[in-house]
Amino acid sequence: MAASVAIVADRLGWEEQKLIAAADRTGLTLKWVNDEELTVGPGGSAALDGYDAVLVRSRSYTRGGLLAEALSPHHRLVLNSASAIAICENKLVTRTRLQSAIPVADYQLILTRKDFTLALSRFQTPVVFKPIFGGMGRRVTIIENLKSAQSIYDYVEDLGHAFEQAALVERFYGGASIRVFVIGDRVEAVSRFTPGTGDWRSNAAIGSHQEGQSISADIRSITDEVLKVVGPGIFGVDLFETEDGYVLNEVNHAPAFRAVADSSGIDIAGAIVDYLASALA
């Protein structure tokens, strides 16, 4: 009997549709299940009864990890694992867990205005100010002029929860980034993202430019070290280029892949489905 996989996500996006379409050739059954309609308890979720595996693609930076943890005892496979998501969803945890093995982007933790002021004195402008929890470039700010910095922090103080206020100030490594797409324990594709017109950020969701790249030995080596910590799964590993080599920015646990697929020419959806089929065989 063919295995069935629930794609647990808050919406049926381009990636989810591609995954469902790609499953036809493998014998797997993939269906989208809205993560906002699950009721999970000690017995799991009735909405997921009959599914062998759960592919967690929740874009929420709290919902995905909680669901992976609650559902893992009830399904043969939950990707990504709760432990991996816990590392990836928190940008500080990502860097502290990996900084002994690979170079990570230089940063300072910001919990108060005093932290913020000290970080500005440590780094030369421009610097990047980003939330610890979040994705797709949202609330990531470049500070080029110290005269405007404190007024930017005013907005952070007005956020209602300490969860939202936790942030990093990091060294600015330029607008470009390298996205390494990992499936299982191997690098599937690499693309270079550069900012589009009118924005300094290179996130695909904002409108950047992408170009496929070869998979270098350095990229493979860094990725191997990342996987030693998070384990095999489906990740978007983001790197910055420096004169001394690559440094890690973050690891995405529910990565979009349209831009990487288009720029690299790799069938990412097909590769993910093949990995699921192999894992459930």
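Trainee: Is Ser-58 buried or exposed?
Mentor: In this predicted model, Ser-58 counts as buried, because its relative accessibility is 1% and buried means under 20%.

Trainee: Where is Ser-58 found, and what does its side chain join?
Mentor: Ser-58 sits in the loop between β5 and α2 (63-71), and its side chain makes a polar contact of 2.6 Å with the side chain of Asp-35.

Trainee: Which other residues is Ser-58 in contact with?
Mentor: Setting aside neighbours within four places in sequence, the contacts of Ser-58 include Val-8, Ala-9, Asp-10, Gly-64 and Leu-67, as well as His-253 and Ala-254.

Trainee: Switching to cavities, how many of 30 Å³ or more are there?
Mentor: The count comes to one cavity of 30 Å³ or more, and the largest cavity holds about 50 Å³ of space.

Trainee: What lines the largest cavity?
Mentor: Among the lining residues are Leu-55, Arg-57, His-253, Ala-254 and Ile-272, and by class the lining has seven nonpolar, two polar and one charged residues.

Trainee: And the largest nonpolar core, which residues have the most contacts inside it?
Mentor: That core has 28 residues, and Leu-19, Ile-268 and Ile-272 are those with the most contacts inside it; α10 (268-280) is one of the elements that each supply at least two of its residues, and the largest share, seven residues, comes from α10.

Trainee: What does Leu-19 touch?
Mentor: Not counting residues up to four places away in sequence, Leu-19 touches residues including Ile-7, Leu-55, Phe-257 and Ile-272. Apart from this core lies another, of 22 residues, among them Val-104, Ile-178, Ile-219 and Leu-248.

Terms used
Residues are numbered from 1 along each chain as its sequence is written. This is a predicted model: local features need pLDDT of at least 70, side-chain atom pairs count only at pLDDT 80 or more; totals for chains, interfaces and linings use all residues. Side-chain values use heavy atoms; hydrogens and water are left out. A nonpolar core is a set of buried Ala, Val, Leu, Ile, Met, Phe, Trp, Tyr and Cys residues joined through side-chain atoms within 4.5 Å. Buried means under 20% relative accessible area, exposed over 50%, partly exposed in between (1.4 Å probe, protein chains only). Helices (H or I, at least four residues) and strands (E, at least two) are DSSP runs, numbered from the N terminus. Contact means heavy atoms within 4.5 Å. On a 1 Å grid over the protein atoms alone, a cavity is a set of points where a 1.4 Å probe fits but cannot get out, and a pocket is an open set with protein on both sides within 12 Å along at least five of seven lines; lining residues have an atom within 4 Å of a point. Grid points are joined across faces, edges and corners, and a volume is the space filled by probe spheres set on the points. Ala, Val, Leu, Ile, Met, Phe, Trp, Tyr, Cys and Pro count as nonpolar, Asp, Glu, Lys and Arg as charged, and the others, Gly among them, as polar. A polar contact is a pair of N or O atoms within 3.5 Å; within protein, one must be able to donate a hydrogen and the other to accept it, and residues adjacent in sequence count only if both atoms are side-chain atoms.
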